[in-house]
Amino acid sequence: MLSSRAFRSLQQTGRVPRIARPLAALGSSNSSSIIGIREIATKFSKNKKKDAGRDSDRDKDKWVSRKTLARRNPALGLDMPNIELVYGLLPVMTAIKQGRRDIHGLYIQSRYEGDLERERLEEVVELADSMGVITQEVSRSSLDAVVANTVHQGVVLKTQRFPSPKIREMGEFVDGQHQITFSDDSVVAHQPRRKYPLWILLEGIQDSHNLGSIIRSALYFGVDGIMLGGQKFCRPTPAVSKASAGAMECMNIFKMTKVDRVLKNAKDVGWRVVCTTTRSSATVSNVAVGDLGELNSPTVLVLGSEDMGISEAVLDMSDSNVHISAQSETPSVLDSLNVNVAASILLAGLRMPKNAA
């Protein structure tokens, strides 16, 4: 049973999002009582055989849905608002350091088995202690159970959902910063990591591994934030954080429901829209990324979904289209790269002033 203090902490949510400051420890995290995870694991194991036939066709590497895990393990408290389980050494450590989530407890594997990295595990425990996070040692089977047998590296963090509010408007870039307005009317001012801001819009990206890889590359190449849009898209889940090696915890990630309207408003106040396409799908001037020239204005780089690419409505607003030139003749069915690979190559090839004014 959760204490009243713990329940109140789960109900507290902030309306104004916190802008990420990459790789910086931003103060202490909230903590509360930990639920007995052994009891959770026992209940999960009892249900495992019962659900084996039902789940046999599912991808075993995929994260079990929040609804399913909450149904199987009511003591875990996943049916309460804004709760999820972050797993893996780098995601857990970075989530604690960044301080962007309310943290409700850390589970650590009690025995060092196989390739478990003891020194790094102890580093996570020391970091959690310094931040006032309650830690509990549990068996490996218990951790396997609550994260549906994904690779957790001996650590699982019970925490608030990753903050990704809905963006409504990108403001004009003036005096070295621009404002971001959200659907709840809250506003934050953002200073870019480069001379001019660079944001990525991912339209319809649904694969968690693709999204995680793109986030990792974006952080490495100095992108200020990522906007997720389209009819269907992957949200920033623990699986995405793991695929990004924890980079997701440092990145500004926002959702949007009306992609075309947000882009139109951005263009009206001086933002440049650059869409990534294959050479055959160009609707405006289409150049190789190396020939694009220096981007000397606020820019939104758009990448489309794995199967459908960028929608026509968004392509119609593009100021420039770029492609990655193939280095040899390829079959027509291989006219493009995987979206996360393409994102890395494009970001490496874009020419923008590195230092802020």
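Me: How many aromatic pairs does a search of the whole structure find?

Reply: The search of the whole structure finds four aromatic pairs, where rings of Phe, Tyr and Trp (its six-membered ring) pair if their centres lie within 6.5 Å, with planes under 30 degrees apart counted as stacked, over 60 as edge-to-face and the rest as tilted. One of them is formed by Phe182 and Phe254, which is edge-to-face at 4.9 Å centre to centre and 75° between the planes. That pair links distant parts of the chain, since Phe182 sits in strand β6 (residues 178-182) and Phe254 in strand β10, 72 residues apart. Helices (H or I, at least four residues) and strands (E, at least two) are DSSP runs, numbered from the N terminus.

Me: What kind of model is this, and how are residues numbered?

Reply: This is a predicted model, in which local features need pLDDT of at least 70 and side-chain atom pairs count only at pLDDT 80 or more, while totals for chains, interfaces and linings use all residues. Residues are numbered from 1 along each chain as its sequence is written, and side-chain values use heavy atoms, with hydrogens and water left out.

Me: Which way do β9 and β10 run?

Reply: Strand β10 (residues 252-255) and β9 run parallel and are joined by four bridges; two strands pair if DSSP finds at least two bridges between them. The bridge partner of Gly225 in β10 is Asn252. Together, β9, α9 and β10 make a right-handed β-α-β unit, right-handed meaning that, with the strands pointing away from the viewer, the path from the first strand over the helix to the second runs clockwise.

Me: Where is Cys234 found, and what does it touch?

Reply: Cys234 is in the loop between β9 (225-229) and α9 (238-243), and Cys234 is buried, with a relative accessible area of 11%. Leaving aside residues up to four places away in sequence, Cys234 touches Ile205, Gln206, Asp207, Ser208, Leu211, Leu228 and Val240, contact meaning heavy atoms within 4.5 Å.

Me: How many disulfides does the search find?

Reply: A search of the whole structure finds zero disulfides, a disulfide being a pair of cysteine sulfur atoms within 2.5 Å. Cys275 is buried, with a relative accessible area of 0%.

Me: New topic, where does His152 lie?

Reply: His152 lies in the loop between α7 (140-146) and β4 (155-160), and at 5% relative accessibility His152 counts as buried. Its contacts, not counting residues up to four places away in sequence, include Tyr87, Gln109, Arg140 and Asp144.

Me: What about phi at Gln153 and Asp185?

Reply: Gln153 has a positive phi of about 60° although it is not a glycine, and Gln153 is partly exposed, with a relative accessible area of 27%. Asp185, also not a glycine, has a positive phi of about 75°; Asp185 is in the loop between β6 and β7 (187-190) and is exposed, at a relative accessible area of 53%.

Terms used
Buried < 20%, exposed > 50% of the residue type's maximum accessible area, 1.4 Å probe, protein only.
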